[in-house]
Amino acid sequence: MSVDTILNRQYAIANNEAEAIELPKQRLYAMCNLRGGIGKTTLSFNLSYLVDNLLAVDTCPQGNLSYFYDNNYYAGQQINVKDMLLPYLVPGLGKATRVAAYIGATNQYFAEKNNYYIPSSEELYLLPSQLITAINQTAGLQYPQKEQALKSILYSLKTEIERELRENDLDKCLIDTSPFFAGATQLAWYAADALVIPVRPDQQSIKSLELLVNTLSNPQSEFRKYLPENDMNIPKIQMVVLTHCGWSTVAGARNEPNQQTKVYLNKVYDIISKHRTLLSTNNPENHLVMLDDFLGSGRISSFESKPMALLKEGETKVIDRVRVSVNKSVDKCKNQLKFIAEQLWMH
């Protein structure tokens with residue numbers, strides 16, 4: 001069974017011995033799942049540290065990724081992703097340039113990296129209605145103006161990201177998205193070459209994965225119904241990451257997931273097997289990887305805005321009056337994150 005192949009690979013990944021998966025490397029990824037609390041932002045933050053010349057784009061109105069990059073984000077008034085998009089929806093506004101900020105200026109751990117980010121805005125909560133209004137206003141136009149106006153709106157985020165990549169001489173992009181589809185997440189899907197989908201081992205995550213797959217494939221979905229017929233730019237699924245995985249503690253169970261993880265690993269595999277035309281290769285085994293529950297390491301990483309790759313076993317921190325420590329599983333998590341990053345961008 002193919003799930004066994006995935007489990008055997010996970011054992012090799014944990015020991016930093018896994019061979020690369022032959023995935024077509026993309027330039028622009030969107031991190032998405034239509035549900036909150038599954039690890040999108042944590043995964044985006046950690047992957048952004050593991051590569052260079054990257055533009056990270058925060059399109060989630062909660063702004064957690066922006067806060068990881070700059071702990072003064074919530075107090076600031078910096079130009080943000082909403083400022084970039086608004087001129088495409090409201091005629092007459094001047095377009096922004098050089099919006100991206102150097103991450104190393106506000107997060108010391110990124111000082112050696114040539115990585116930039118575009119901050120989020122809580123006003124993105126208003127974007128869905130503004131986007132639909134702008135799309136509806138194109139209905140009164142004649143062809144080809146109608147199609148040109150529609151494409152300008154749908155590919156507004158893509159256009160702006162491409163400009164920022166050129167202006168800052170960057171060659172990779174990762175977009176963190178919100179748990180709801182309408183608005184900036186919708187534009188992120190139009191912008192992306194491929195999707196990275198974190199999924200937790202629980203039933204709600206399975207439902208949200210099924211919803212996501214249906215949104216990608218159903219011609220009447222909110223995503224596909226606006227696309228011009230001659231321009232079906234649909235992102236591929238590059239990777240599904242099963243997050244918060246737990247492993248059997250039975251003696252001799254070398255790489256045996258616990259029962260809950262095993263059940264949901266099989267469910268996720270079944271879903272992507274049935275929809276393999278959405279994948280960037282035709283082999284579902286290539287697209288499913290597992291990521292351990294970060295436990296205390298994750299809490300310290302989030303609290304300090306410090307990438308997991310820099311944590312060391314034995315580190316401790318008092319968080320909310322509770323002493324939290326980095327346990328020995330951190331090395332396994334580091335290897336898993338490194339493997340994921342290498343399947344996205346590195347040859």
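Trainee: What does lysine 151 count as, going by relative accessibility?
Mentor: Lysine 151 has a relative accessibility of 27%, so it counts as partly exposed. Buried means under 20% relative accessible area, exposed over 50%, and partly exposed in between, with a 1.4 Å probe and protein chains only.
Trainee: Anything to know about the model and the numbering first?
Mentor: The model is predicted, so local features need pLDDT of at least 70 and side-chain atom pairs pLDDT 80 or more, while totals for chains, interfaces and linings use all residues. Residues are numbered from 1 along each chain as its sequence is written, and side-chain values use heavy atoms, without hydrogens and water.
Trainee: Back to lysine 151. Which side chain does it meet in a salt bridge?
Mentor: Glutamate 147, at 3.9 Å from N to O. A salt bridge here is a side-chain nitrogen of Lys or Arg within 4 Å of a carboxyl oxygen of Asp or Glu.
Trainee: And where do glutamate 147 and lysine 151 lie?
Mentor: Both belong to helix 6 (residues 145–154), four residues apart, which is about one turn of the helix. Helices (H or I, at least four residues) and strands (E, at least two) are DSSP runs, numbered from the N terminus.
Trainee: How many salt bridges does the structure hold?
Mentor: There are 17. One of them links glutamate 304 to lysine 317, with the closest N and O atoms 3.2 Å apart.
Trainee: What does the pair of glutamate 304 and lysine 317 tie together?
Mentor: Parts that are 13 residues apart in sequence, because glutamate 304 sits in helix 11 (residues 295–304) and lysine 317 in strand 9 (residues 316–319). Glutamate 304 is partly exposed at 23% relative accessible area, and lysine 317 is partly exposed at 30%.
Trainee: What about lysine 338, which residue does it form a salt bridge with?
Mentor: Glutamate 342, where the closest N and O atoms are 3.4 Å apart. Both are in helix 12 (residues 330–344), four residues apart, about one turn of the helix. Lysine 338 is partly exposed at 34% relative accessibility, as is glutamate 342 with a relative accessible area of 25%.
Trainee: Which residues do shared partners join into one network?
Mentor: Glu160, Arg163, Glu164 and Glu167, through salt bridges that share partners.
Trainee: Changing topic. Why is strand 7 called largely enclosed?
Mentor: Strand 7 (residues 236–245) has eight of its 10 residues buried, so the rest of the structure largely encloses it.
Trainee: How many bridges pair strand 6 with strand 7?
Mentor: Six, in the parallel sense, with strand 6 covering residues 194–199. Two strands pair if DSSP finds at least two bridges between them. Among the partners, valine 196 goes with methionine 239 in strand 7, and isoleucine 197 with valine 240.
Trainee: And how many bridges join strand 7 to strand 8?
Mentor: Four, and those strands run parallel, with strand 8 being residues 288–292. Cysteine 245 has aspartate 292 in strand 8 as its bridge partner.
Trainee: Is strand 6 mostly covered or exposed?
Mentor: Mostly covered, with six of its six residues buried. Ala194, Val196 and Pro198 are buried on one side, and Leu195, Ile197 and Val199 on the other.
Trainee: Which way do strand 1 and strand 6 run?
Mentor: Parallel, with three bridges joining strand 1 (residues 28–31) to strand 6. Alanine 30 stands opposite leucine 195 in strand 6.
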